[in-house]
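Dear colleague,

I am passing on a structure that you have not worked with before, together with some notes on what was found in it. Please have it open while you read.

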Amino acid sequence: MKYSLISDTYEKIEATSKRLEMTDHLVDLFNKTPNELIDKVIYLTQGKLYPDYKGVELGFAEKLTLKAINIGSGRSSNEIQRIYKETGDLGKTAERILSKKTQLSLLKESLTVEKVYHTFDKIANSTGAGAIETKVRLLVSLFNNATPSEAKYIARMAVGKLRLGIADMTILDALTIAYVGEKDTKKDLERGYDITSDLGYLARTVAFEGIEGVNNIKVTVGRPIRPMLAERLSDPKEILDKLGGEGSVEYKYDGLRIQAHMDTNEVSLFSRRLENITDQFPDIVDSLKNSIKVKAIVEGECVAVNPNTGETLPFQMISQRRGRKYEIKRVVEEIPVMLFLFDLLFFNKNDCTLSPYLKRRKKLKEIVKENERIKISWQHITKKPDEIDKFMDKAISDGCEGLMIKSVDSDSIYKAGARGWAWIKYKRGYKAEMADTVDLVVVGAFYGRGKRAGQYGAFLLAAYDDEEDIFKTVCKCGTGFTDDDLKELLEKLNQYIISHKHPRVDSKLDPDVWLNPSLVLEVMGDEITLSPIHTACTSVIRAESGLAIRFPRFTGNYRTDKSAEDATSTKEILEMYRKQLKKISK
Ligand code: AMP
């Protein structure tokens, strides 16, 4: 098949902004494409060689493409640079330069789709010493035989910017028209795409086997499923009404979504955008192997945890593990993570995506053996809106972003690739930074784990309620302490150890060691939130909820100048919370 068929279609697509016309041009192209090439034509049209989850990159920098244009055309690099500056587009640069090329065009071999695809495939596969020269040589071989218009798209493909503006849904429309003809079969193709995330594979299936073939496509371990997405509401009653009166309330963990595919011996991890991220999380791979012993596809949120306290940490932490190619071993140790599983999409030979949610969840619990890194997400089924608000406080004080409330109806299937009302996210309506540091009293300590074994790993901190003359807890803090701080604190706190909770301390938590309230530490946090587990300002804002500091960290300042009674008061904490709210509602 001539590559010019493709480049001519692209020219026409570029000349229109109407989706229907784009679709028609694609249909035309697909009709001219032999079945055995349709997957390659689709990938090339998407500007790639394989579906995204295969992670194959051409790896061409602009500079190298310019060099290939230079060698392929014989024009000076100054001239090429000048045109590139003028057009800002490598494709147009290649087109203009090659249109000036004086050559015996009759002797040129015309480019075929096969040749273009295989050459790019070789480019993608050349690695190691001499790879750059090989890549450039291969690209030059394409330019040598390309017409100016073909060169435009080849150059753009090399740098990964095809700029055609074709959405996946437009390709699906065109495939439906070209191979099935009936519009109402589009949903079958959509489902095929949603459970394979591979338009090339889908196109090949429909080309060779028609709509029956598409309907026979099965969820397969190793091929990512396009994730189900959530809608958002900000009122618990409205949420439950939307869900028919009852919902499964779950923590909305603040991390990275991971879809794990467990084969007999192999685990693959895919991100929300379906990139293969297996190599970035070897710790999760090992833990999953220990936890799940059947062939399965599970989904969960991966969150960073403080290795010493086991507390979950904000998204910024796990994002440092993301996209890493080097020093993986070091970051695995520095930023340990946990995976909270919330769904099961496949196990043994069963596609679970069409089962109702509670059935999937029940099976998930059966096949997962929880361990240090793999847990099942927190869940509670409720019909009561005010219960949702209580869970929200609990979620926030446990370091989560909010709640996910899911349909428990009999039709609550896993809607791959769709945003819908079967999942509703409920985040707090406000978010603000804490404007200032606070000075808090150490009233208890927790033994450290991991690197902090033999020391304290975290401390229970309290504000002072001057009306009741009592210290009320606002956070558990294990962050911001250097090794020296921890050593020093072990000694410093020795003198304050008592065998039971101090009578002037009000706490719902039970630390390993109780302390006489004396030492004051300066602490910074992200924000002040409602919390069912801390006692400062209990029931002032909401019944049975106190106020807590979210993501607290020690600033390094020991406020030895302050006595425990000089610590930040609970009134001040309340004031800070109210100011925060005002700031948001402004
Ligand atoms: P958002 O990214 O704000 O649209 O929220 C949806 C995301 O929340 C999902 O893609 C997951 O990454 C994440 N998430 C955290 N906890 C859960 C949970 N229990 N169930 C579903 N998604 C969750």
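This is a predicted model: local features need pLDDT of at least 70, side-chain atom pairs count only at pLDDT 80 or more; totals for chains, interfaces and linings use all residues.

Residues are numbered from 1 along each chain as its sequence is written, and side-chain values use heavy atoms, with hydrogens and water left out.

The ligand is surrounded by 13 residues (a residue counts if one of its heavy atoms lies within 4 Å), and the closest are Tyr-251, Arg-257, Glu-301, Lys-406 and Lys-425. This shell divides into five nonpolar, no polar and eight charged residues, where Asp, Glu, Lys and Arg count as charged, Ala, Val, Leu, Ile, Met, Phe, Trp, Tyr, Cys and Pro as nonpolar, and the others, Gly among them, as polar. Among the polar contacts (pairs of N or O atoms within 3.5 Å), a polar side-chain atom of Lys-406 lies 2.8 Å from a nitrogen atom of the ligand, and a polar side-chain atom of Lys-252 is 3.1 Å from a ligand oxygen atom. Taken alone the ligand exposes 490 Å², of which the protein buries 90% (Shrake-Rupley method, 1.4 Å probe).

Strands E2 (247–252), E10 (402–407) and E11 (419–427) each supply at least two residues of that shell; strands here are DSSP runs of at least two residues, and helices H or I runs of at least four, numbered from the N terminus. These three strands also belong to an open sheet of five, ordered E1-E11-E10-E2-E9 with mixed pairing (two strands pair if DSSP finds at least two bridges between them). Its edge strands are E1 (229–232) and E9 (379–382), each of which pairs on one side only. E2 and E9 run antiparallel and are joined by four bridges, and Ser-248 stands opposite Ile-381 in E9.

With kind regards

Technical notes: A polar contact is a pair of N or O atoms within 3.5 Å; within protein, one must be able to donate a hydrogen and the other to accept it, and residues adjacent in sequence count only if both atoms are side-chain atoms.
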